[in-house]
Amino acid sequence: MEEMYCQSCGMPLTKKEDIATNKDGSLMNEYCIYCFKDGAFTGDISMEGMIDISLKHMKEIFKDDPGFNEQEALIKMRGFFPGLKRWKSKE
């Protein structure tokens, strides 16, 4: 099965509880619950702002990983995010 990613922040959607919801409470498989909830985006943010937030989370997750390179992660996200549905025609 193809791995699904949030089409706003790039988070892997591996757990049902991480998947967003539509206004009627049904699952919205394109986004995570942190970016989209009850049929709407949870915040008005630019793609660069989302990259900044994602980098902050990555730094926390990988704080004990000597192989984590912040600059390399930033470059990868700047290449990946423009292909996500939320950002394709925005920036």
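Which residue forms a salt bridge with E48? I looked it up: R78 does, with the closest N and O atoms 2.7 Å apart. I counted a salt bridge when a side-chain nitrogen of Lys or Arg is within 4 Å of a carboxyl oxygen of Asp or Glu. R78 lies in helix α2 and E48 in helix α1, so the pair ties together parts 30 residues apart in sequence.

A note on ground rules: this is a predicted model, where local features need pLDDT of at least 70, side-chain atom pairs count only at pLDDT 80 or more, and totals for chains, interfaces and linings use all residues. Residues are numbered from 1 along each chain as its sequence is written, and side-chain values use heavy atoms, leaving out hydrogens and water. Helices (H or I, at least four residues) and strands (E, at least two) are DSSP runs, numbered from the N terminus.

Next I searched the whole structure and found 5 salt bridges. One of them joins K85 to E30, with the closest N and O atoms 2.8 Å apart. K85 sits in the segment after α2 and E30 in strand β2, so this pair links parts 55 residues apart in sequence. E72 and K76 also meet, at 3.8 Å from N to O; both lie in helix α2, 4 residues apart, about one turn of the helix.

Then I checked the length of α1.
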